[in-house]
Amino acid sequence: MKKPVNYSGRRKFLKNLSLFAVGSLALSGCGPVTMKEFLQKNFRTLSKKEKDEIIKDLEKKYTAKYGKEFHVTDEPAADGVEFGYALDLSRCVGCRRCVYACVKENNQSRDPQIHYIQVLQMEKEKGIDFAHSDVHYNPELVPEEGYFYVPVQCQQCRNPQCTEVCPVKATWQEPDGIVVVDYNWCIGCRYCMAACPYGARHFNWGEPTIPADEVNPETHYLGNRPRMKGVVEKCTFCIKRVRNGKYPACVEICPVGARKFGNLLDPESEIRYILANKRVLVLKQELNTQPRFYYFFGV
Amino acid sequence: MKYYLKTKFKIEYLLFLSVCFLIIRCNDTSEAYKPGQIQKINPESESYLKHEEIAVSPPPFSDGVFPCNDCHAFRKPNPVRRKLEWHEDITDIFNHDSENRWCLDCHDLIKRDSLRLASGKLLDFKESHKLCGQCHGDKLRDWKVGVHGRRTGEWNGKKEYYLCVSCHNPHSPKFKPIKPEAPPFREDEEIK
């Protein structure tokens with residue numbers, strides 16, 4: 001009997017070669033993603049050692065890119081803290097100072113432009129009416145007669161639909177209530193953007209650009225570290241600041257003091273005083289998202 | 001005998017209880033959050049241990065008006081409401097229930113470097129919020145708990161309060177309209 005010719009050596013070689021070619025093509029298509037980053041696991045499954053190593057690499061990468069010493073932390077949520085936010089609709093004048101303070105603090109891309117806060121101008125006669133609201137208003141002076149202003153950003157829902165629909169679990173709710181995104185794990189499918197009823201999530205359609213002199217080098221892994229093209233990002237209540245005890249940037253900049261922030265579990269906090277003593281509402285209550293972001297009337 | 005047994009049992013029971021107590025005390029090192037207590041976040045930073053609230057320094061007076069006594073010491077006090085020949089910068093903008101009120105409703109006639117409550121009590125200029133509060137009590141109450149007005153600093157620690165006069169001009173307290181920042185970029189702008 002004749003022994004069959006064995007092609008497996010050559011076949012195997014060709015098969016591996018084509019796999020390698022496809023693989024390297026896919027990787028090169030992703031831009032400057034290193035093999036290490038490509039193989040990185042979901043943030044929540046990383047060990048302390050792995051996290052530290054990743055953070056060190058990131059700091060090095062950002063420092064080289066922006067010519068500034070960068071710090072990246074992964075400070076976890078503190079026990080007994082659940083963040084809440086309240087915005088005084090009777091005071092907001094629609095000046096958009098918060099929008100740009102947020103862009104600066106959180107290293108949002110300038111071009112293509114990403115804003116976490118959308119200030120909606122609404123007619124007093126119509127009340128809260130998203131369909132007829134205007135985000136592009138641009139008069140000489142604000143507030144305009146007959147209008148009021150509703151700034152909308154991530155509502156940090158207790159029942160977030162965005163995390164529910166994520167097919168890869170790249171976004172989740174932290175124990176202190178902040179909904180975060182692991183940018184390295186995000187596949188950019190934008191399901192979460194479709195699920196969010198507040199339009200609070202934003203996609204990096206292009207490579208984000210931040211002027212090196214404006215970049216904020218104090219960053220958090222799950223928050224304001226520079227992002228890459230093809231991932232979704234959102235407001236994190238300035239996770240870098242609030243986990244260090246500071247107020248979010250939008251709270252501090254507001255010239256009329258319309259923005260209030262604090263710990264919902266601390267009965268002495270400003271936010272609890274508002275919930276107990278003021279007329280409070282949440283947006284799209286009927287959807288049962290249960291926001292931690294409240295709107296109130298201070299007067 | 002019966003009595004002895006009873007006491008012995010009692011002593012053992014007490015010993016057991018005290019040992020249990022000691023064990024529980026030794027294990028209880030957790031820093032559980034209790035409502036009303038300030039949560040310690042970062043052990044290095046002491047500022048989280050207590051609420052420290054600091055008022056920002058009041059805004060400076062207009063050039064050359066303070067101390068008022070530099071001029072008023074040489075002038076005869078006149079309590080009659082009239083159009084002033086001086087302080088045009090204030091009289092021109094004065095808009096604070098101007099129909100019913102004028103200078104001496106807040107400023108003292110004799111002690112010029114003081115403010116004056118309706119009760120006659122004199123106040124330092126640094127305590128002007130108390131003067132505002134005698135009419136705007138609801139605002140003062142909200143301000144004290146940080147709901148009216150601005151605060152900066154730490155949400156759970158050291159804060160800076162802005163005073164009433166840091167944001168409001170006491171002679172014309174209503175906010176003036178301001179210029180808004182640029183609207184977001186519009187995708188269809190180029191097409192138009």
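The contact between the chains takes 40 residues from chain A and 29 residues from chain B, two residues being in contact if their C-beta atoms, placed from the backbone, lie within 7 Å. On the side of chain A that touches chain B, α4 (97-105), β10 (259-263) and α9 (270-277) each supply at least two residues. The largest share, four residues, comes from β10(A). Helices (H or I, at least four residues) and strands (E, at least two) are DSSP runs, numbered from the N terminus. By class, this side of chain A has 20 nonpolar, eleven polar and nine charged residues. Ala, Val, Leu, Ile, Met, Phe, Trp, Tyr, Cys and Pro count as nonpolar, Asp, Glu, Lys and Arg as charged, and the others, Gly among them, as polar.

The model is predicted: local features need pLDDT of at least 70, side-chain atom pairs count only at pLDDT 80 or more, and totals for chains, interfaces and linings use all residues. Residues are numbered from 1 along each chain as its sequence is written, while chains are lettered from A and ligands numbered from 1 in the order in which they are written.

In chain A, strand β12 (residues 293-297) is mostly covered, with four of its five residues buried. Buried denotes 20 or more other C-beta atoms within 10 Å of a residue's own. Strand β2 (residues 83-88) of chain A pairs with β12(A) in the parallel sense over four bridges; pairing requires at least two DSSP bridges. Here A86(A) stands opposite Y294(A). Strand β11 (residues 279-281) of chain A runs antiparallel to β12(A), joined by three bridges. L281(A) has Y295(A) as its bridge partner.

In chain B, L115(B) lies in strand β2 (residues 115-116). L115(B) counts as buried because it has 20 C-beta neighbours inside 10 Å.

Definitions and conventions
A residue is buried if 20 or more other C-beta atoms lie within 10 Å of its own, exposed if 12 or fewer, and partly exposed in between; C-beta atoms are placed from the backbone.
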